[in-house]
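Please look through the sequence and the model shown here, and then follow the account below from single residues to the sheet and its surroundings.

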Amino acid sequence: MNKKKDGKRTIQQNMIFLLSCIIVLLGISIIANEYNRVYKINIEKINAYTNETARNLEEAFEFVSNTIVLAATETSVLEWCKDPSYFEEKNENYVFNRNRYKEELKKVFNYSSAWNNRGIAYISVFENDKLLLYTYTVPKKDIIIERHLQEVYDSEQINNIYNTGLYYFLSPVPKDDTMYAALKIAAPKERESNLIILLGINNDAIENTYEGKIEYDTMLTLILDEDNKNLYSRDMQDDEFIKQVAKYKDVNESIFFYKGVEYECITKNIKTVNLSLVNVIPKNSINKMVLKELTIILYMICLVFLISIIVVFCMSKRNTQFIKDLDDAMEAIKDENYAIRLKPYSNKAENDLSETFNNMTMKMEKLINEEYKSKILYQELELEMIQQQVNPHFLFNILTIIQIKAKMLQDDTIYHMLKALSGFLRASLYSEKNARIPIGKELEYTEFYLYLQKQRFEEQLQYSISLPEHLGKYELPRLTIEPLVENSVIHGMNNLNRSMEIKIKVEEAEHAIRIEVCDNGIGFDVESLHTDDCHSLKREKIGLRNTGTRLQLLYNSELHIESKIGEGTIIWFELPKY
């Protein structure tokens with residue numbers, strides 16, 4: 001007997017283990033698919049950021065190119081080409097000539113807006129190996145500037161500038177955060193003399209194009225020239241790393257390993273200056289971003305896993321009623337019935353699962369059902385309550401009798417008022433609540449309302465309705481125009497000491513029908529419609545907002561409202577022609 005019990009218990013445990021494995025594998029499959037999707041999105045974001053940065057750098061380097069060309073074509077340079085001693089100390093005008101060229105360079109800065117955007121840190125001029133002058137936009141100590149400039153000039157890179165008239169980018173020197181562009185100007189052939197113009201590019205200005213690095217703080221940015229030298233000094237790396245990255249600078253997307261770390265490499269060529277922008281980010285950094293975005297999904301999967309384990313446990317106890325209830329509830333959710341709830345159970349495990357399931361469906365219902373659905377449902381229920389309170393046959397029979405009596409007494413005013421009231425009540429209370437009716441019929445119901453208000457306000461209220469005959473057949477939701485007219489009457493006539501006119505116009509627009517209600521009443525504050533407090537809104541304003549919601553839901557059409565205090569209100573919308 002004990003062996004049988006032991007055997008039966010083992011089978012139950014095996015079933016729980018098997019079903020748990022299936023759930024775990026399913027969860028892993030979902031996570032893997034989501035991971036790949038989110039990872040791909042992050043790579044696309046880095047790609048887009050790299051492309052945008054490359055475009056910004058192209059503009060920045062074009063700015064550098066224009067500035068260095070302007071500096072090389074100033075009057076002082078032309079004078080130097082003519083006069084070998086122009087910048088020599090023995091020249092009696094030596095100081096004047098230097099200051100003159102320095103002022104010309106400042107004008108170049110002003111012309112190219114370098115003072116304002118500070119894209120250029122400073123500009124200097126060497127004659128052969130002697131520093132003639134420099135000027136700057138970013139303040140630094142003169143001794144630091146002179147030391148950096150001399151270090152750049154003394155580096156082997158200057159010797160590699162063979163061609164005159166073309167500018168070259170130079171690698172930064174140690175402890176200097178400035179990228180340099182150099183232009184060589186050769187003297188006439190009979191003189192062995194050169195001018196070298198060095199333009200220092202402010203790395204802070206370059207970093208302004210790197211907004212994406214805020215999101216990926218471990219991203220390394222390199223700007224490689226044709227010789228695979230890194231020109232960007234803020235993210236300086238060892239030579240071996242740069243050589244490894246340079247192998248992939250002609251490939252848009254690539255992956256490589258360096259010292260046991262896997263890197264994603266995104267490259268974009270800056271064609272105008274033959275440079276390559278390379279963004280390198282460790283793959284584990286992207287994984288961290290992906291995991292942050294997958295946190296909610298992981299929680300949901302864990303919740304589903306927990307629920308499923310409890311369900312398996314209940315199945316092992318053969319609690320068939322609870323399993324049947326849960327299965328029915330799951331089927332209801334498949335049918336998008338998120339209002340389904342499980343009843344309380346005496347068993348603690350079953351009751352905990354029931355509460356967890358109910359909490360989950362409540363959250364799902366809250367996310368899926370937006371606020372406007374609750375409001376519409378409330379209004380429909382309210383309308384049904386009104387309909388149930390009054391027997392429609394009794395009411396209309398009484399109205400008909402009074403109407404006949406008024407006709408017999410030859411009181412046409414009362415007769416027409418009762419006729420209008422009866423028609424308006426039929427339209428607003430006892431018609432099918434979701435029906436669509438022709439525009440002509442809708443305007444007929446609206447005119448019933450206006451006629452009754454006309455009897456109330458007499459000459460103080462005038463109205464007109466313009467409807468081309470061929471547009472009257474097109475349909476719209478019942479009671480779409482009437483709330484707009486009701487708003488005009490109630491708000492427009494409020495404390496108005498003059499007559500008011502309401503105009504209803506239906507006209508044909510391109511691929512649509514335009515319906516407009518305008519009045520010359522007192523107007524109202526349109527912003528008051530946007531409050532979230534429904535209790536503070538008057539009924540007619542709620543009607544306006546609900547009409548806008550219906551148009552948005554049914555036709556993706558917007559209700560346009562223009563109102564000025566003391567001048568009047570114009571409300572219009574468009575319906576598709578079908």
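**Cysteines, sheet and cores**

Cys-265 counts as buried because its relative accessibility is 0%, and in this predicted model Cys-518 is also buried, with a relative accessible area of 14%, which is under the 20% cut-off. A disulfide is a covalent bond between the sulfur atoms of two cysteines. The count of disulfides in the model comes to 0.

Turning to the sheet, 5 strands form an open arrangement with antiparallel pairing, in the order S2-S1-S5-S4-S3. At its edges lie strand S2 (130–136) and strand S3 (167–170), each of which pairs on one side only, and from one strand to the next the twist averages 20°. Within this sheet, strand S1 (residues 120–127) and strand S5 (residues 194–202) run antiparallel and are joined by 7 bridges, with Ile-123 standing opposite Leu-199 in S5. Helix H3 (residues 94–111) packs on the sheet, where it touches S1, S2 and S5, and its direction makes about 40° with that of S2.

Which residues have the most contacts inside the largest nonpolar core? They are Phe-61, Phe-169 and Ile-197, in a core of 37 residues. Among the elements that give two or more residues to this core are helix H1 (2–72), H3, S1, S5 and strand S9 (275–282), and H1 supplies the largest share, 8 residues. Leaving aside residues up to four places away in sequence, Ile-197 touches, among others, Ile-68, Tyr-101, Ile-123, Val-125 and Leu-183. A second, separate core has 33 residues, including Ile-502, Ile-515, Leu-551 and Ile-571.

Key:
Residues are numbered from 1 along each chain as its sequence is written. This is a predicted model: local features need pLDDT of at least 70, side-chain atom pairs count only at pLDDT 80 or more; totals for chains, interfaces and linings use all residues. Side-chain values use heavy atoms; hydrogens and water are left out. Two strands pair if DSSP finds at least two bridges between them. Helices (H or I, at least four residues) and strands (E, at least two) are DSSP runs, numbered from the N terminus. Axes are lines fitted to C-alpha atoms, for helices over the stretch in contact, and angles run from 0 to 180 degrees between N-to-C directions. Contact means heavy atoms within 4.5 Å. A disulfide is a pair of cysteine sulfur atoms within 2.5 Å. Buried means under 20% relative accessible area, exposed over 50%, partly exposed in between (1.4 Å probe, protein chains only). A nonpolar core is a set of buried Ala, Val, Leu, Ile, Met, Phe, Trp, Tyr and Cys residues joined through side-chain atoms within 4.5 Å.
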